[in-house]
Amino acid sequence: MARASRFSKVGARGALPWRPGRHIRAVDEHNRSDEHPEATAPMSTGKRLGVVMDPIGAINYAKDSTLAMLLAAQEHGFELSYLEQRDLSLRDGVALGRMRALTVRADPAGWFALGPPAVTPLSALDVLLMRKDPPFDTEYIYSTYILERAETAGVLVVNRPQGLRDINEKVYAAWFPQCCAPTLITRDMGEMAAFLAEHGRIVVKPLHGMGGRSIFVLAKDDRNARVVFENLTDYGQRFAMAQRYIPEIAESGDSRVLLIDGEALPFALARIPAPTDHRGNLAAGARGVGRELSDRDRWLAGQIGPALAAKGMLFVGLDVIGGFVTEINVTSPTGIRELDKQFGIHIGDSVIAALERRLKAAAAGGHAASAVAPARPKD
């Protein structure tokens, strides 16, 4: 059986059963009471999956990829626990979390319910999804240290904390130069100006941003170029990125190619910029159009996917413009809901199935953190 069959089209998902519990809507997400926050909740013997994410009450129900994963995990029999970044702590080397039991529901009028909080060792979980959105700042790095202590205690953390630190989403594409358009990372404004003169039109952006923030397109005669370089590098004090402008973005968009355990899904989400904008980001107003992978997409995935899977990067998004990889997204890649809707697939199911394969491999090997290579069934 071909591997691509794991992502074959399936029928529409039915409504999820609603479990008892206090439902909290977005308007009162931050007004909840933390009753007995130091109590330790009894842990069941079932499969336990925790998620670290931004406030669940503030997500976009129709587009949130984390919710798609949680719905799938619940259907696969996982008991869910919810944490925000502020709920993580480290005591005498033990990773802890102020967790709340979480139930999710496929209902845009109310998609979650939370139980009371309890401070519990993260080692009580089988799997922990790190789905906190960038910015990738010092606080994010501190969080990965705590998650790495959980990994050491036997928790399968996805994506792997060390990989989250090592793989900067803008910089790491440099490990695969054969896949990329000409790119410069520098603090030197003179080097950026020379790069602009060489290529005539370039894209410049910070190394820590997301969602199209602070991305500029500059032509060689642009009088604002110097000001842009000054702002992005803080007058030479910060590194920034410049890439040759790829004109295909205007027509074919910035495509998100999703990888699960190193293997590409058969469809990509092309983000077509709005007529008045140059950014291929849904958060910046781009339009998402699904398409089948091209031969070039598959080649790019083959170049990059296995290396990332070996580093414990189970769910990754490659940004591809005109056949070139511009970014490698490992923190909280999106695009699941849009592709599910357009092609009748359930990518969340594939993500959870990959988690379960890794858990099975870890059980055979004795430790979840050791299961960092793809654990695929034989064809």
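A residue is termed buried when its relative accessible area is under 20%. By this criterion, strand 9 of the predicted model is mostly covered, with five of its six residues buried. Across the protein chain, buried residues account for 51% of the 379 residues. The secondary structure of the chain consists of nine helices and 16 strands. Of the contacts between residues at least 6 apart in sequence, 70% join residues at least 24 apart.

Strand 9 covers residues 201-206 and makes four bridges with strand 10 in the antiparallel sense. Within this pairing, Val-203 stands opposite Val-217, and Val-204 has Phe-216 as its bridge partner. Strand 9 also pairs with strand 11 (residues 240-244), again in the antiparallel sense, over five bridges. Here the bridge partner of Pro-206 is Ala-240 of strand 11.

Helix 5 (residues 225-233) packs against this sheet. Its buried residues are in contact with strand 8, strand 9, strand 10 and strand 11, as well as with helix 4 (189-199). The buried positions in helix 5 are Ala-225, Val-228, Phe-229, Glu-230, Leu-232 and Thr-233. Asp-234 follows helix 5 and has a positive phi, near 50 degrees.

Helix 8 (residues 336-343) is mostly covered, six of its eight residues being buried. These are Ile-336, Arg-337, Glu-338, Leu-339, Asp-340 and Phe-343. After helix 8 comes Gly-344, with a positive phi near 65 degrees.

Strand 13 (residues 263-272) contains Arg-271. Arg-271 has a relative accessibility of 5% and therefore counts as buried, the limit being 20%. Two polar partners of the Arg-271 side chain were identified. One is the backbone oxygen of Asp-254, which lies 2.6 Å from a polar atom of the Arg-271 side chain. The other is the side chain of Asp-319, joined to that of Arg-271 by a polar contact of 3.1 Å.

In soluble globular proteins, nonpolar side chains tend to be buried together. In the present model, the largest nonpolar core has 41 residues, and those with the most contacts inside it are Leu-49, Leu-102, Ile-347 and Leu-355. Helix 1 supplies the largest share of this core, with seven residues. Apart from this core lies another of 38 residues, including Val-52, Leu-88, Ala-173 and Ile-328. With residues up to four places away in sequence left out, Leu-102 touches Val-51, Ile-56, Leu-70, Gln-74, Leu-80, Ser-81, Tyr-82, Phe-112, Ala-113 and Leu-114.

A search of the whole structure returned zero disulfides. For Cys-179, the closest cysteine sulfur is that of Cys-180, at 5.9 Å. Because a disulfide requires sulfur atoms within 2.5 Å, this separation is too far for a bond. Cys-180 is likewise in no disulfide, its nearest cysteine sulfur being that of Cys-179. Both residues fall under the 20% limit for burial: Cys-179 is buried at 0% relative accessibility, and Cys-180 is buried with a relative accessible area of 16%.

Definitions and conventions:
Residues numbered from 1 in each chain as written. Predicted model: local features only at pLDDT ≥ 70, side-chain atom pairs only at ≥ 80, totals over all residues. Heavy atoms only, no water. Pairing = 2+ DSSP bridges. Helix = DSSP H or I, 4+ residues; strand = E, 2+ residues; numbered from the N terminus. Buried < 20%, exposed > 50% of the residue type's maximum accessible area, 1.4 Å probe, protein only. Polar contact = N/O pair within 3.5 Å; in protein donor to acceptor, adjacent residues only side chain to side chain. Core = buried A, V, L, I, M, F, W, Y, C linked by side-chain atoms within 4.5 Å. Contact = heavy atoms within 4.5 Å.
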